[in-house]
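Have the coordinates open as you read.

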Amino acid sequence: LKIFWINGINKINFYNVILKYTFIFFLIQIFLTAVISPYLQNKARNSFIQSDMDFFPSLIQEKKFIDTVDKLTIFIDKKINKNEYSNIFLKDDTSEFPKIIFADKGFLININGNRSLRLLNGKFINVNYEGNNLFFNFEQTDFNLSKFKTKTITDQKIKEMPLFILTKCMLDFSIKKNVNKDDASYCNKGSINEINSEIYSRLFKPLNFFILASILIFLIMTNHEAKNFKLNQIFIFIFGVSSVILFEVITNYSGKSLTNMAIFTVTPIIIFLILYFIFYIKN
C-alpha cells in the first residue's frame, strides 16, 4: 500500500481497481452458478443412473442394517469376501405384508443380467398381522434384487435445471399466471418458491461480492495509528460477518414472492453505494 501511495495512486483509485476485479469475479460466479454447476450436476446424476456399475457389494456392510434400497432392509453378520456373506437377514416390504428371510450363507450372482442373492440353508417367514404367519425352511433360493430401486433421486432436481427453464416457469407462474400442464411436475405452487430462491441464488446473490470487497477496503485502509483502531477493526469484522449471514437468510426468503426478490436484489446495491459514498467522503 505504501508503494501505491508513493507512486501517487490515491485510495479512491485503489478502491476502483479492487471493484473492477470484483466485477470480473462477479461475472465468473454467475457463469458458474447459472450455467456450469447445474449442467454438471445434471450430467453426473444421469451418468450415475445410466451406469451399469454394480453398487451392491459396496452398499452391504457388516453388522449394519442397510436400507439404501427402497422397501428392502439387509443385515449381514459377516462379509467373507466381495460377493459372499454369512448370517443374512432380509426384510422385503414390496407387498402388503412384509417377508422376512434368514439364511446361513449368501452369494451375489448375475442371472441373465439381473442381480440376485443366492441364499443357502435358511428360513422364509411371511408375516401376517392377523397372526396367520407362513414360514418354511429352504436349502437354496435365489432372491431377485433387480426389482428393487435405490433411493437415489432419478427426477431432475431444481438445482440441476437450466436457468432459462426456471425463468420461464417464474414468468408463467408469477406474472402470466399461466402454467403449462406439461410442466406441472416442477412448475407448480409447491415448488415456485424454491424456483424463485434458486434464480436469486444464481443471479443476484453474488452481488454481496461488492459489499465484501468494500469491507475489505475499509479494513486495510484503517489507520493503524488512530486511537480507535482496534474498535474500528472489531466493528468492520462484525459488519462483515453480519453481511454474510444476512445474505444467507435473504436467499431463503427471496423465493416467497417477486416483491421479496426485487427488494433483496436492490438491498445489496444500496448498501454498496452507501459504503462507497462514505469511503469517498472520508478520502
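## Helix α6

Helices here are DSSP runs of H or I with at least four residues, and strands are E runs of at least two, numbered from the N terminus.

The length of α6 works out well too: its 13 residues (208-220) should span 18 Å at 1.5 Å a residue, and the end C-alpha atoms are 19 Å apart, which agrees. The expected span is 1.5 Å times one less than the number of residues.

## About the model

This is a predicted model, in which local features need pLDDT of at least 70, side-chain atom pairs count only at pLDDT 80 or more, and totals for chains, interfaces and linings use all residues. Residues are numbered from 1 along each chain as its sequence is written, and side-chain values use heavy atoms, with hydrogens and water left out.

## The whole chain

Eight helices and six strands make up the secondary structure, in the order α-α-α-β-β-β-β-β-β-α-α-α-α-α. The chain has 283 residues, and 33% of them count as buried.

## Glu84

Strand β3 (residues 84-92) contains Glu84. Leaving aside residues up to four places away in sequence, Glu84 has contacts (heavy atoms within 4.5 Å) with Lys79, Lys105, Gly106 and Phe107.

Glu84 is buried but has no salt bridge, a term for a side-chain nitrogen of Lys or Arg within 4 Å of a carboxyl oxygen of Asp or Glu. The nearest side chain of opposite charge, Lys105, is 4.1 Å away; Lys and Arg count as positive and Asp and Glu as negative, while His and the chain ends are not counted.

Key:
Buried means under 20% relative accessible area, exposed over 50%, partly exposed in between (1.4 Å probe, protein chains only).
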